[in-house]
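The points go from the whole chain to single residues.

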Amino acid sequence: MSMKASASDHGRIVMSAGDTTVYEAPAPYGLTSWSADLPVLAPERARSHPSLLLRTNNAVVRFTGREAELESLRRWRDDVSLPVVAVRLVHGPGGQGKSRLAAQVARLWSADGWSVLIAHHRRDQPAPAARSAGPTAGARGTLVVVDYAERWDTADLLSLLKDLLVPGGGPVRVLLLARSPGHWWQGLQYPITYRMEVPADAQELGPLAQHPVGRIDLFTAARDSFAEQLGVPEPEAVAAPPALMRHEAYRLVLSVHMAALTAVLAHLDGTTAPTEPTEVSAYLLARERYFWQELYNGPGRLVPTDPGTMARAVYTATLTGPLPHRVGVRALHRIGMRSADPDQVLTSHTVCYPPSAAGMVLEPLYPDRLGEDFLALSTPLPARTHESDPWADEAMAKLLSEAPEDPASPWIRPALTVMIETARRWPHIAERLCRALRERPWLAVRGGNGVLTALAELDFLDSDLLEGIDAHLPVGPSLELDVGIAAFARRLTEDRLARTDDAAARAWLRTLLGARLASADLHLQAVVEYREAIAIYRGLDQADFSVDQAGGLLTALGGLGNSQAALGRYEDALTNTTAAVRAHRVWAGIDPAAHGPTLVRLLTNQGGQLWALGRHQEAVEVAEEAVGTCRSLREGPVPHAAEAALGAALGNLGMMYAQTGRPEEALTATAESVDVQRRLAEADPAAHRPGLAESLHKYAAVREVLRTDTGRAATAAAEATETYTELAAVRRDRYTEAVRSSREVQEDLDDTSFPAELRRTALRRGVRHISVSSVGAYALAAAVLVHRAEQYLAEGDFAQGRDLLTQAVERYRDLAGNDPDAYRHELGNALHLTSIAEAALEDFEPALAHSAEATELIRLCVRADAVTPPALAAVLVANASMRLAAGAELPAALDAAMEAVELYQELAERAPATYGRDLVAAYHVLVGVLRGLGDHPRADRISRALDGLGQGES
């Protein structure tokens, strides 16, 4: 299966599990094939530029240890209970060996016949020629490695995973690497696990040598590898530094490797090697400076840029990361290197640090930890214990010096990211980070989700700084920042809670946090916060309960209902939303301007929850109330708020009309919704373009089914698709499905083969989009047959209903034979209805056979979460009733009745108003079966219990 779209010059094509995904906007990621080939480093090159020996991709030090981690990953790979795609996060501090472990996994799995791909975020700027890599034909499976996963936008990681969920492909394992499993991981786990149904777990990567003595073995292995690469004989003469056994920094693999490299280089030079981790970094960085000096003073002067200027260029590159040439020139000017020729400096820097992608400059110093130490040691320390550059004292501030009205510079995000990581270990960098954000707090917002999430993990940000950043966050939802804002809001809320003992204030803070979490689709966490807030509000002294406190409680109730609905907990959601609606009806009657718009939003939510519970007529009435309330508010002092609420309310009402057999009213409502949303979007595109896209989509869907003015419908569908595509470029996790759905409407509008009556029937049955394929036509015909048969059954014409259902079953068997997952429920439902018609005609032999088959099909659907347990309970009751009526297979009838009672008991405990009567009906069937089996004592006990409830046998 392929996802198709028209690719423009800016389009990117990404291969995933043998299929092709075409992105109309720039692709969120690229895939490159992992290569086992290692670059060859000549000893002379390695001696002059020793930091190359520390790069993971050069694999100079042979991989040792990690047997337990490798075995755990192998078991994860081969676990047959996992679905096609599974995700694992391996996390640990920088330098712990995550990338080395991933490289070793790639080597081992590749040898086992697996295809290995490396995912690059679009900001990584990989070489364009390598962006279309895909799985190897005939591979046993595909491993996709994502390094620096915490720096990816959540939406882009979700896009990668969605593209890998391709039916018919082999197993795919996605290995994420990150420094910490913080807020970014919490925000990713829910949509992966619960929406995409992809298992996702985390594995912490601990120190390779848990005991200090084990560090000697690590040091020895690294020392021997470096000595061999550098041509140093008798490496055993190079001793491990004493600090290796006692200093906590040497818990990291990279720190041990740096110490080993330093010791070998010092031995080569005949000098004494430093032992303290900071001194080791300083030594290696001094060798980098010597490398620049050699290129500048050596034969032929390979670079015309002096070492001092080169150091500043490396400092800049460490902050900015790779940039296009013209942007690199701007970065050099901004950071204060105006006296040097920028083209010359960039060319010289490229000689020292060749870019990983064509057309880019300012490749940073690797590995990351060494680059962070260079940044810290080049920036003046308070005690001035190391050689630094006074120029660097203000360099960071200069690079970040832009006003809120200025266009965001592309280096803001990487610069803040590097500063944050460096600040974790270097207090003077932490001080400069705080100073920069105190002077320009809006920079945190420009840093995006990754920066906001990383800032939330820092413990040295004080209250004033947190409040300053918060003042620049969007007040309401933000497609681009919701995930980062949620992480930051949790950190800010913790700080605020620590500063107040006022219970009402604490409840309001948790309510606000719940709203932020809900905007990021973190509804499980939002429910926790809303419940805590409600508990606090309800524990306040009711005698002194203020209007503000009552408003806070209602806000929390409404938010809780919204998040519960998002999680599919519609009964609970409806209870809380209804409570909020009742109060706001009273408040809106007193002050419509203040409380009317909130009432409309709550009514809209309430209508959706009623609809989800199958209470369609009530849902329509509530939606009509919402629209009527909006219309009255448009004439009042808050027309804009009323207009915004009206647009959403009309769209919902229109779709409800469409699915309850009122197509003309549906068309009127959705058309007006488009008009309202268009006015709103013209005034505030950022806030209202999603609403406009949704209204256009609903309007086009209604016209598609009615087949009226298809030209206008096609225009609306095209605009909806275009708008959703632009929105998906920002939040792919939220809008990718909407893009697909809108395209289906466009395609359906090109098909004129379906009679309008069939389309109207499909719309009444809840079918949103009608496929243009022959298979889709066949499926729709089957659905129409079932719908007409239901009408005959309701009128008591069981013979006519049975005849139509027999045709429908035949069609659904054909469809299910080719695609059982797609049509299992429809076939089961048709068989169930057929058995009811046959039983009513006392044709019990086929009725029992069809009922038994329907029961097993619906049971499979419940296990696959395709339908909910009430569907199975209803079929079981019907099956038991038929066996009882036929006087046949009563033991099987007893099993069915008992299972139905158990299901309804569980359902009635959660939603007694909805399932209480069904439970009683199931008990009545059970009583009848028990009497048929001669178990009168047991039947009598149940009957007496029902009599006690006033629900005895009739």
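1. Basis. This is a predicted model, in which local features need pLDDT of at least 70 and side-chain atom pairs count only at pLDDT 80 or more, while totals for chains, interfaces and linings use all residues. Residues are numbered from 1 along each chain as its sequence is written, and side-chain values use heavy atoms, with hydrogens and water left out.

2. Overall make-up. The protein has 954 residues, and 53% of them count as buried (buried is under 20% relative accessible area, exposed over 50%, partly exposed in between, with a 1.4 Å probe and protein chains only). Its secondary structure comes to 39 helices and ten strands; these are DSSP runs numbered from the N terminus, helices being H or I of at least four residues and strands E of at least two. The accessible surface is about 40,800 Å², and carbon and sulfur atoms hold 52% of that (Shrake-Rupley method, 1.4 Å probe, with only the protein chains shown counting as cover for residues). Of the contacts with a separation of 6 or more, 68% are between residues 24 or more positions apart; contact means heavy atoms within 4.5 Å.

3. Cores. The largest nonpolar core has 105 residues, and Phe226, Leu284 and Trp292 are among those with the most contacts inside it. Helix H7 (residues 253-269) gives the largest share of this core, ten residues. Apart from it lies another core, of 70 residues, including Leu513, Tyr530, Trp587 and Leu692. A nonpolar core is a set of buried Ala, Val, Leu, Ile, Met, Phe, Trp, Tyr and Cys residues joined through side-chain atoms within 4.5 Å. Beyond neighbours within four places in sequence, the contacts of Phe226 include Leu53, Val61, His257 and Val264.

4. Helix H17. Helix H17 (residues 448-456) is largely enclosed by the rest of the structure, because eight of its nine residues are buried. Gly448, Asn449 and Leu455 are among the buried ones. The cover over them includes helix H5 (183-195), helix H14 (412-423) and helix H19 (482-497).

5. Ring pairs. Five aromatic pairs are found in the whole structure. Trp76 and Trp109 form a tilted pair, 6.3 Å centre to centre with 40 degrees between the planes. Trp76 sits in helix H2 (residues 67-78) and Trp109 in helix H3 (residues 98-111), 33 residues apart. Trp76 is buried at 5% relative accessibility, and Trp109 is buried at 4%. Tyr812 and Tyr823 have ring centres 6.5 Å apart and planes at 35 degrees, so this pair is tilted. Both Tyr812 and Tyr823 are buried. Rings of Phe, Tyr and Trp (its six-membered ring) pair if their centres lie within 6.5 Å; planes under 30 degrees apart count as stacked, over 60 as edge-to-face and the rest as tilted.

6. Surface. Which residues make the nonpolar surface patch of about 220 Å²? They are Val213, Ile216 and Met245. Val213 lies in helix H6 (residues 212-230) and is partly exposed, at 48% relative accessibility.

7. Gln606. This residue lies in helix H24 (residues 592-612) and counts as buried, at 7% relative accessibility. Leaving out residues up to four places away in sequence, Gln606 touches Leu574, Thr577, Thr578, Val581, Arg585 and Val622. Its C-alpha atom is separated by 9.7 Å from that of Glu618, twelve residues apart along the chain.

Key
Patch = residues over 30% accessible without salt bridge, like charges linked within 9 Å, V, L, I, M, F, W, Y side chains within 5 Å. Salt bridge = Lys/Arg side-chain N within 4 Å of Asp/Glu carboxyl O.
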